[in-house]
Amino acid sequence: MSKILTINVEKCTGCRTCEIACSLKHAGEFNPARSRIHNISSPEEGFYLPVACLQCSEPFCVQICPNGAITRDEITGIVKILEKRCVGCKMCLLACPFGSITFDSKEEKAIKCDLCDGEPECVAFCATGALEFKEAEIAVKFKKRALSDRLKEIYKGISFKEDLELVR
Amino acid sequence: MAKHIRHVVIGNSAAALSAIKSIRETDHSSSIFLISAENCNAYSPVLITYYLSGKISRKDLFIVDDHFYNDNEVERIFGNKALELDPKKQMVYLEDGRKILYDNLLIATGASANYPNELRKNFQNVFTLRNIKDMERILKLSNKAGEIVIIGGGLVSLQIADALSKKKARITFIISSKQVLSRNIDVECASIVKKKIESRGISIYFENEVKEIKKIKDKACLITNSGKDLKADMVIIGKGVTSNTQLGQNTSIKINKGILVNDSMRTNIENIFAAGDVAEVNSLLIDESDVFLGWLNACEQGRVAGLNMVGCKESYRGGLNENISTIFGLNIAAVGFSRSNGNKFEVLKFSDHKRKVYRKLLLDNNKIMGTVLLGRIEDAGLIRNLIRRKMDISFYKDKIISNLFNLGKILIPLTNR
């Protein structure tokens, strides 16, 4: 069974170490702008949410990449941008309904979380245990359910239900 | 025994390829014939300007190889133009005299670059850019050209200029409207782009129309309606595109700007479908039909067409103008409306000309009708999704504005400082 990145919003303090760890691993520098995980913070509400690619099971980005540069591994479920093939046309940025793909202007390539090929750096450095990398078991599905309910509460009126179905 | 079904697809790009993929998702027994006027495997028009700039090599233009066609059991009929169609006989007539019978036909013939008649002179150095051939001719000449004039200020024109600006030629734009990218973005955003282009030593003449191109010695001489004459070694015409609807003409297929289709991508004839730049579909945002160009639209339309061709009921949500690109280092994304166009849209805006960041949302009744993003474009996909799902953002309006901008802040402007 494939592992997934789980996020426990209650535990996240918004320290953004995940962004630093990610950018160091992938871009070789401490630069949150080049991170593949992004912490959306709302300090006035005390709400912090690290977001990364959801590794959809039927990814739209894979379907539409004009250069076939995005692939999904059937076994691990990891959706990955092949750096060498990406020309930076940004179609995937427009296609991703979650805004999970960003553009690295230095390399002129699209970047997204690829779970570090199975050993996510952000998880290793997460001090509070908010980020975990776990087997996608039923228990995790409950957690996702809880997160989607929480998200629904936050995004009152905006229903992401249909989208969340995709990744569930 | 079930009848053996023959799917015939005309065209070999985004719409055709995604139709083939979706046909084969469920249907492995039917035959698929793919007819293409160009004699090569599918390449990506999105990537053509990247080849021009030298960022990728020719072989990288191709998005699928022989395996794709073989694995999907597609019989290729390449380098052969479909000339005529007889819906009654269910027959397509090819250039080389062959006749192809179909049960289901998908017309995905795309669009061709407009080449205004008054400019149509038999000069070897006047070009449009739409396919590999055009591009290779431009590439060859651009190394020698000293003066290049580009007519039209659309996305492709700007991408060409960006690619060619790395060579030593002097580039001049002649644009009929008052701004660059008039089809994609609003005036204010365009003014930021214009400054950036001019900072690269490129001149732009706005509200100018080329009346005639004369040949003087080896040079092309462009005569404009403002009386300005320009000499050039190479002229590139970027005056938009027109759907390749020829195949449907002289048949009972309904054609307007493009071949008219319903939300199953079906034409008025039951077993004929159209998708991509050739198809005229209902707009997602307003009660109108139009041709919605672009790779993403073509992929989605092709998929819907393919599924319906094998009898799965799948509906297209409707077309949306959408574009994303980087021009002269500026990241630009535009989805849906970029200006009010006489509608009473609520406008939410953030602009910082110094940092070259511009973000605009157009709302109608608390639903997003369009966006223009410059600089920080990370949310383009998210906003596109909100537009497509026609989500009412009233509960969250204040937040979504500040949140989008906060999100931008968190991401730190990646570029253009």
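Entry 1: terms and model. I took two strands as paired if DSSP finds at least two bridges between them. I also noted that I was reading a predicted model.

Entry 2: the five-stranded sheet of chain B. With that rule I looked up strand S10 (residues 147–151) of chain B and found that it pairs with strand S16 (residues 234–237) of chain B in the parallel sense, over 4 bridges. Within this pairing, B:Ile148 stands opposite B:Met234 of S16(B). I then traced the whole sheet, which is open, has 5 strands in the order S9-S16-S10-S11-S12 of chain B and shows parallel pairing. I noted strand S9 (126–128) and strand S12 (203–205) of chain B at the edges; each has a single partner strand, so one side of each is left without a neighbour in the sheet. From one strand to the next, the twist averages 20°. I also recorded helix H4 (residues 132–142) of chain B, which lies across S9 and S16 of chain B and runs at about 140° to S9(B).

Entry 3: a three-stranded sheet of chain B. I followed a further open sheet, whose 3 strands stand in the order S18-S20-S21 of chain B with mixed pairing. Its edges are strand S18 (259–260) and strand S21 (289–291) of chain B, each with a single partner strand, so one side of each is left without a neighbour in the sheet. I found 2 bridges in the parallel sense between S18(B) and strand S20 (residues 279–282) of chain B. For B:Ile259, I identified B:Ala279 in S20(B) as the bridge partner.

Entry 4: I located B:Ser252 in the loop between strand S17 (241–243) and S18 of chain B. Leaving out residues up to four places away in sequence, I found that B:Ser252 touches B:Asn268 and B:Ile269.

Entry 5: aromatic pairs. I counted 4 aromatic pairs over all chains. One of them joins B:Tyr43 and B:Phe62 edge-to-face, with 6.2 Å centre to centre and 80° between the planes. I placed B:Tyr43 in the loop between strand S2 (31–36) and helix H2 (48–52) of chain B, and B:Phe62 in the loop between H2 and helix H3 (66–71) of chain B, so the pair ties together parts that are 19 residues apart in sequence. I noted that both B:Tyr43 and B:Phe62 are buried.

Entry 6: helices of chain B. I examined helix H1 (residues 14–26) and helix H7 (residues 295–309) of chain B, whose axes come within 7 Å and cross at roughly 35°. The crossing of H1(B) past H7(B) is right-handed. Among the residues making this contact I listed B:Ala15, B:Ala19 and B:Ile23 of H1(B), together with B:Trp295, B:Cys299 and B:Gly302 of H7(B).

I next checked burial in helix H5 (residues 155–164) of chain B: 9 of its 10 residues are buried, so it is largely enclosed by the rest of the structure. The buried residues of H5(B) include B:Gln159 and B:Asp162. Helix H8 (residues 380–388) of chain B is mostly covered, with 9 of its 9 residues buried. Among the buried residues of H8(B) I noted B:Arg384, B:Asn385 and B:Arg388. After H8(B) comes B:Lys390, whose phi is positive, near 50°.

Entry 7: chain A. I counted 6 helices and 8 strands in chain A. Along the sequence I read the pattern β-α-β-β-α-β-β-α-β-β-α-β-α-α. Chain A has 168 residues, of which 51% count as buried. Of its contacts with a separation of 6 or more, 52% come from residues 24 or more positions apart.

I then looked at strand S2 (residues 38–42) of chain A, which runs antiparallel to S3(A) and is joined to S3(A) by 5 bridges. In this pairing A:His38 stands opposite A:Val51 of S3(A). Strand S3 (residues 47–51) of chain A is mostly covered, since 4 of its 5 residues are buried. Finally, I recorded A:Lys90 over the face of A:Phe103, at 4.3 Å from the ring centre.

Technical notes: Residues are numbered from 1 along each chain as its sequence is written. Chains are lettered from A and ligands numbered from 1 in the order in which they are written. This is a predicted model: local features need pLDDT of at least 70, side-chain atom pairs count only at pLDDT 80 or more; totals for chains, interfaces and linings use all residues. Side-chain values use heavy atoms; hydrogens and water are left out. Rings of Phe, Tyr and Trp (its six-membered ring) pair if their centres lie within 6.5 Å; planes under 30 degrees apart count as stacked, over 60 as edge-to-face and the rest as tilted. Buried means under 20% relative accessible area, exposed over 50%, partly exposed in between (1.4 Å probe, protein chains only). A charge sits over a ring if NZ of Lys or CZ of Arg is within 6 Å of the ring centre and within 35 degrees of the ring normal. Axes are lines fitted to C-alpha atoms, for helices over the stretch in contact, and angles run from 0 to 180 degrees between N-to-C directions. A crossing is left-handed if the near helix is turned anticlockwise from the far one by less than a right angle, and right-handed if clockwise. Contact means heavy atoms within 4.5 Å.
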